[in-house]
Structure formats: structure tokens, C-alpha cells
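Open the model in your viewer and keep the selection tool at hand. Each stop below says what to pick and what to look for.

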Amino acid sequence: MIKACIFDLDGVIVDTAVYHYQAWKRLANELGFDFTEHQNEQLKGVSRVRSLELILGWGNVTKTTAEQTELATRKNKWYVEMINRMQPSEILPGAKEFLQVARAAGLKTALGSASKNSATILERVGLLPLFNAIVDGNHVTASKPDPEVFLKGAEALGLNPVECVVFEDAIAGVQAAKAGGMKVVGIGSPDVLTAADLVIPGLHEMTLEKLQALNSVQKY
Ligand code: BG6
Ligand code: MG
């Protein structure tokens, strides 16, 4: 029986991808190169450190570990400046409503995000009170597609993974949920999120009926 929903943050609850993109682009430009919006897709769901490695690879730039730490810190400073100005209007359509519906139905809710800035974002957009547990990049050692973040989310709720449904927009996130033995609802395109048990364009298309119907879906 499904007892909880675990949500990814970026691209599921809020569209912060655009802020990540702007900040990484600014960093790349300062280093003397650029990357495309298409390449940016590969950064979704990926940790800050791994994102920087990918970007430096695209620019054929080599940096020491200390330099990489400084670059990631610089990018994060710009990113935090942007998310500190976020408004509740930046919540993706249907996200708040589905959180409310799920909680009213007695389901538990948790966040399972790679971001180390999730508390700031949820506070800025006023969604913090709608989560029973927050697990993010500050609490895990392994990045998605490793299931650690979702397993810790289930644990924080006192539930078994099979009792939780994950909502994810990134391929790595869908893989992580499956690796953790959870049902997963993909947010985006079925052509991209092929391993998800159900794919919807956004949480505005989610209902409790669709959630409970996942119990009878068998996809591996
Ligand atoms: C994920 C985003 O949610 O968080 C990634 O999809 C991002 O693009 C990652 O790199 C880490 O975020 P932060 O806020 O800790 O730099
Ligand atoms: Mg995401």
C-alpha cells in the first residue's frame, strides 16, 4: 500500500533549472567558453561537484581540486543570490495543490533532492510546512542514480521503500528510485523517462487515483 510521496525539488516542485543554468553559464563564460541549453540537460539531477566536472570537460579546462572548490563556491554564490529572490509564484503548476491533497489523504511527504539549497528554496516559496521530512545533498554521500537520497527519505518517514512513490524529472533520479525499489512517477516526457512507471507533464496532472493505480503497475 502506498503511504508516502517523495518529491525531487528542481524541475518537479520549482523550476530552478534556469537559475542553475544562468550561474553555470556565467562561470563557463568567465573561464572563456560557453555551453548550450541542450548540454545543460545533462546537469539535471546531478550534484554540484559532478556538474562542474562535466562543464570543465566541455570547455577542455583542467583545474586542481582546490580550484574546483573555489569555482563551485563562486557559482553557488550567484545561484543563492537568485534563489533568495524566489517567490511563491515560481512553484510549478499543481505542485502545492498535490502536496495538499496527498497530506489531506493521510499520505506522508518527503523531499529527496540532490541540492544543498533545498531548505532555502522551500522556505522562500512557502512550502516547507508541507513536508514531513527533508533529505537533500547535505545528508547524502552518493549522488543519484544511487538510491541513497530516496532510501533515507523513506527511513525518515519510518516507511519501507515499497510504500513510497517518487516524483522525478531527471533520468538519474528515475534510475535512483527504481534502484531503491520504489514506484516512480516521471515528470516530463515518456520518451525521455522510459523507466518510470507513469509519466505526466507536471504535478497538475497528478491525482490520488493515479497514485493508487501504481500499485498494480509492474515495470522494471
Ligand atoms: C539538483 C539539480 O536538484 O541539485 C542539479 O537538478 C544541481 O542541477 C543539484 O546541480 C545540486 O544543487 P545545489 O543547489 O546543491 O548546487
Ligand atoms: Mg530534478
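Start with Phe 7. Beyond its neighbours within four places in sequence, Phe 7 is in contact with Val 12, Ile 13, Phe 98, Leu 99, Thr 109, Ala 110, Leu 111, Gly 112, Phe 131, Phe 167 and Leu 203. Bear in mind that this is a predicted model.

**The cores**

Now widen the selection. The largest nonpolar core has 49 residues, and Phe 7, Ile 13, Leu 127, Phe 167, Leu 203 and Leu 211 touch the most other members. Colour by element next: β1, α1 (17–30), α3 (48–58), α4 (65–83), α5, α6 (118–125), β4 and β5 (183–187) each supply at least two residues of this core. Then pick Ala 110, Leu 157, Val 174 and Ala 177; they are among the 20 residues of a second, separate core. Nonpolar side chains tend to be buried together in soluble globular proteins.

**Helix α5**

Select residues 95–104, which form α5. Which residues of this helix are buried? They are Ala 95, Phe 98, Leu 99 and Ala 102. These four sit on the same side of α5, because they cover an arc of only 105 degrees around the axis. In an α-helix, with 3.6 residues a turn, residues three or four places apart point the same way. Show what covers the buried residues of α5: the cover includes β1 (4–7), β2 (108–112), β4 (164–168) and α9 (208–213). Just after α5, stop at Gly 106, where phi is positive, about 90 degrees.

**The magnesium ion**

Select ligand 2, the magnesium ion. What coordinates this ion? The donors are Asp 8 (OD), Asp 10 (O) and Asp 169 (OD), at 2.0 to 2.1 Å. Along the chain, the donors follow the spacing D-x1-D-x158-D.

Stay with Asp 8, in the loop between β1 and α1. Is Asp 8 buried or exposed? Asp 8 counts as buried because its relative accessibility is 5%. Asp 10 is buried too. Display side chains: Asp 8 and Lys 144 are joined by a polar contact of 3.0 Å. Leaving aside neighbours within four places in sequence, the contacts of Asp 8 include Ile 13, Leu 111, Phe 167 and Asp 169.

**Ligand 1**

Last stop: ligand 1. It has 15 residues around it, and Asp 10, Val 46, Ser 115, Lys 116 and Asn 117 come nearest.

- Lys 116: a backbone N or O atom lies 2.6 Å from an oxygen of ligand 1.
- Val 46: a polar backbone atom is 2.7 Å from an oxygen of ligand 1.
- Ser 51: a polar side-chain atom is 3.4 Å from an oxygen of ligand 1.

Definitions and conventions. Residues are numbered from 1 along each chain as its sequence is written. Chains are lettered from A and ligands numbered from 1 in the order in which they are written. This is a predicted model: local features need pLDDT of at least 70, side-chain atom pairs count only at pLDDT 80 or more; totals for chains, interfaces and linings use all residues. Side-chain values use heavy atoms; hydrogens and water are left out. Buried means under 20% relative accessible area, exposed over 50%, partly exposed in between (1.4 Å probe, protein chains only). The arc is that of the directions from the helix axis to the C-beta atoms. Contact means heavy atoms within 4.5 Å. Donors are N, O and S atoms within 2.8 Å of the metal (3.2 Å for Na, K and Ca); water is not among the atoms, so sites may look incomplete. A nonpolar core is a set of buried Ala, Val, Leu, Ile, Met, Phe, Trp, Tyr and Cys residues joined through side-chain atoms within 4.5 Å. A residue is near a molecule or strand if one of its heavy atoms lies within 4 Å of it. A polar contact is a pair of N or O atoms within 3.5 Å; within protein, one must be able to donate a hydrogen and the other to accept it, and residues adjacent in sequence count only if both atoms are side-chain atoms.
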